[in-house]
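Please look over the model shown here before reading the points below.

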Amino acid sequence: MKECYLGVDIGSISTKGAIIDDDNNIVASAYIWTEGNPVKAVRNLMRILKEQLPDSYILKGIGTTGSARKLIGLMLKANIVKNEITAHAVGTLTFYPDVRTILEIGGQDSKIILLKNGIITNYAMNTLCAAGTGSFLSSQAKRLGLDVNEFGTYALKSKNPVKIAARCTVFAESDLVHKAQVGYPKEDIVAGLCKSIVLNYLNNVGKGKKIEAPIIFQGGVSKNAGVVKYFKEVLGEEIIVDENSHLMGAIGIAVMARRHKTGHTYSLEMNNIKFDTKAMECTRCSNNCELLKIYRNNELVDSWGSKCGKY
Amino acid sequence: MTKIAYPLMGDYHVPAKFLLSHILNAEIISPPPITNKTIELGTKYSPEFVCTPFKYTLGTMIESIEKGANALIQMGGGCRYGYYAEVQEQILKDLGYDVTLINLVTKGKTDFRRIVREFKKIDKHFSLLKALYYGFITVKMVKYMDTIDDYIRENIGFELEAGSFEALKFKMLRDFGKVDSYHELYKKYKYYLKEFAKVKIHKPDNCLKIGIIGELYTVMEPFSNYFLEKELAQNHIEIKRFTNAHYLLFEKTWAIKRYLKDMKPYIKYQMGADASDNIARTKYLCEAGYDGIIHIKSSFCTPEIGAMPIINKIAGQYEKPVIFFSFDANTSETGIKTRLEAFYDMLEMRRGK
C-alpha cells in the first residue's frame, strides 16, 4: 500500500482537487466548476477522484484551501486548513525551488507572491477591484460570444490590440462596447482585453513590487495564451506556465497535509455524510451578527459569525 | 439639567466618565458600546469620503442623543480630525437635534480658559481647583491603564486559560471607575499590577513579535479594526503598539522632535497626525528585531497614505515584511483574515529558515 494525500482548493469559480504521493507525483486530479455550491462541488470532486485513484493507494491526509476552505475543512475533517497564498507558494516551491515571483490570477482574486531562497518575502492580493481577474474575462467573453477556453488563442491572432480603458470593469465594459460598435475587428478587441488584464494586474496588485525572474504564472487565467503573451511583452522576461498551473493551490495544500500528517486514514467516500448549514440572525444586541451553524451528520460541529463569542 | 455624553474610543470611556462625573454637576450619559448599528448610523449621515473615525464618533453621538444627551464632548487633532467637531455639530443641527458640542481642542490648541467658560455655562458652580485635582487623577488613570495594556498586549497571546486577561481587565476598569482619590487609584493600580503578573502564561522565548502602527483611532478602537489584536493574540503573537492616549496627550510633543531628528534621511517636516511618528516607529521595529509590521488606517486617512510609501521603503531596506490594512464600514472581514493568516504563515516560514 502506498500513501497519498489529498489537497482541495475550493475557489469562487472552480474547485480543484489533487492527490499526490510521497514523491510529489500527481496520482489523481480534477478541475470542476463550483457553481455557487461548494458542498455539492466537493461531493462531485470526491466522486471523480475516487474513480481515478488506483486501489493500491491509501489516503493519509487531507488539506483544504481557497475561499471555502473552512467549510470544506469541516466537511472533510481535513487535518490542515490554510489560506491560498501559502498554499500556492508551497505548491510552486515543490516543483520550482528557485522561483522568485509568482503571479496568480484566479476567478475572484489575483495575487502576487515574492520569494527569496525558498521563503515568501512579500505578497499582495487585490482588495476591491475585479478588473484584473478571471471573472471579468469570462463575462466579457460571453458578451463577445466567445468561449473562455478559446479566448486566449483568439487573442493571438491579433496584430494590433486596441487600447481598452481597464481601470475599472464598468468603464472597461463600456469602452469595449464602444470599440466593437465603431467597427474594430473582434480579435483586436479580445487581444486588447487580455492586455488590459495584464496592465491592470501590474498597476494594482503588482504596484511597488520588484518582479524578478524566474516568474511563474498560475491560476485559471494562466491557461489563457493571450494573457501570457502580454505578460511576457510587458515584463520583458520569460514567463513559466506549468501544465498543472491551475492545480498549484491544491498541490500545495496536499504537500502541507503530508507535512502535518497525523497518522489517521481518510476516506474519499462522501455519500454517507450528511452536511447542512443553517443561517440565522442574532438579535440579542444591535450588532445583529449573521450566524452560520454547521451540522455534520446532524451534529453541530461549528458556528461562525458571532462577534461576542456566545455561539 | 445638562445631560452630557462623549464619543467612545477603546477603554477610555472609563476615565472620561470619571472626570466628567466628578467635576460637573450634570448627568452623565454613558453611550452604548459601539456596534454595527453605530457605524450604520454614522455612515448614513456622514459625507461618504470622510475618514471612518468620523463615522464612528458621529454614530455614537446620535446614539447618545437618543439616550437623552444634550451636550457632547469632541476633540480635534492635526489632520481632518481638527474639523470633526464643527462638521458634526452642523450635521446634528441639520438632523434637528438640539445639542451643544463642547470642543476641547480648537485650532489645534487646547485653550483652557475657553473650556472653563464652556463648563461654567453647564454648571455655575464649576470649580477650577476641583477640576485640576480630578484632572490629575484622570491623567494618572490613563497612564496606569496604558501601562497595564502594554503588559497585556505582550502576554495575552500566551495565557494558559483563555480569557483570563480580559476578565481581569474588565474588573480593573470597573474598579478604576469607582475610585475617589489619587491614593485609592494608586493602591488599585499596584494591586492589579500584581494580579496581572500572577496570571499564568506560557511564553516561549522565540515567539513571533509584531508591531502595530497606524492611524490613531483605528489602532485604539478594537471594533474599528475588527479586533485585530485579539486575532493576533489567538495565534500566539506578541504585540507591540505605541499609540495610546497618554502618548498622544503628553509624550507626542517631545517625541516628535526626536523622531524628526532620527528620521532625517526620510522626512524633513511633520506630516500631520501620526504619520511621522509611524515612520520613526517602523525604523525602531525593524532595528529591534520584530518579525513584521502591520500598518492599519481608516480608509481615506490622508497623513497615513503619505506615510505608506516611506514605511514601505524603510521596511524594504531592512527586509522586514509590512502589511497595510484599510478599514471602513464596508471592509470584508474574511479578506482581512485571509491576508493576516498568510502574513503569519510567512513570518513563521521566515523564522524556520
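The numbered points that follow begin with conventions and then go through local features.

1. Conventions. This is a predicted model, in which local features need pLDDT of at least 70 and side-chain atom pairs count only at pLDDT 80 or more, while totals for chains, interfaces and linings use all residues. Residues are numbered from 1 along each chain as its sequence is written, chains are lettered from A and ligands numbered from 1 in the order in which they are written, and side-chain values use heavy atoms, with hydrogens and water left out.

2. Cysteines. A disulfide is taken as a pair of cysteine sulfur atoms within 2.5 Å, and the structure holds 0 of them over all chains. For Cys282(A), the nearest cysteine sulfur is that of Cys289(A), 6.1 Å away. Cys282(A) is buried, with a relative accessible area of 11%; buried means under 20% relative accessible area, exposed over 50%, and partly exposed in between, using a 1.4 Å probe and protein chains only. In chain B, Cys51(B) is likewise in no disulfide, and the sulfur of Cys79(B), the nearest one, is 6.2 Å away. Cys51(B) is buried at a relative accessible area of 6%.

3. Aromatic pairs. Rings of Phe, Tyr and Trp (its six-membered ring) pair if their centres lie within 6.5 Å; planes under 30 degrees apart count as stacked, over 60 as edge-to-face and the rest as tilted. The count comes to 22 aromatic pairs over all chains. One of them is Tyr56(B) with Phe223(B), an edge-to-face pair at 6.3 Å centre to centre and 80 degrees between the planes. Tyr56(B) belongs to helix H3 (residues 52-66) of chain B and Phe223(B) to the loop between helix H9 (216-220) and helix H10 (228-234) of chain B, so the pair ties together parts 167 residues apart in sequence. Both Tyr56(B) and Phe223(B) are buried. Helices (H or I, at least four residues) and strands (E, at least two) are DSSP runs, numbered from the N terminus.

4. Ring cluster and charges over rings. Phe136(B), Tyr144(B), Tyr182(B), Tyr186(B) and Tyr189(B) are linked into a cluster by ring pairs. A charge sits over a ring if NZ of Lys or CZ of Arg is within 6 Å of the ring centre and within 35 degrees of the ring normal. Lys209(B) lies over the face of Tyr290(B), 4.9 Å from the ring centre. Lys230(B) has its charged end over the ring of Phe227(B), at 5.5 Å from the centre.

5. Backbone geometry. The peptide bond from Ala213(A) to Pro214(A) is cis, with omega near -5 degrees. Pro214(A) is in the loop between helix H7 (186-204) and strand S9 (215-218) of chain A. Glu35(A) is in the loop between strand S3 (26-33) and helix H1 (38-52) of chain A and is exposed, with a relative accessible area of 67%. His236(B) is in the loop between H10 and strand S6 (237-241) of chain B.

6. Helix H6 of chain A. The expected span of a helix is 1.5 Å times one less than its number of residues. For the 13 residues of H6(A) (residues 169-181) this gives 18 Å, and the end C-alpha atoms are 18 Å apart, which agrees. Which residues of H6(A) are buried? They are Ala172(A), Asp175(A), Leu176(A) and Lys179(A). These cover an arc of only 105 degrees around the axis, so they are on the same side of H6(A); the arc is that of the directions from the helix axis to the C-beta atoms. Val170(A) and Gln181(A), on the other side of H6(A), are exposed. The cover over the buried residues includes helix H4 (134-143) and H7 of chain A.

7. Lys179(A). This residue of H6(A) is buried, with a relative accessible area of 14%. Not counting residues up to four places away in sequence, Lys179(A) touches Val162(A), Lys163(A), Tyr184(A) and Ile189(A), where contact means heavy atoms within 4.5 Å.

8. Helix H14 of chain B. The 20 residues of H14(B) (residues 333-352) should span 28 Å, and the end C-alpha atoms are 29 Å apart, which agrees. Its buried residues include Gly335(B), Arg339(B), Tyr344(B) and Asp345(B).
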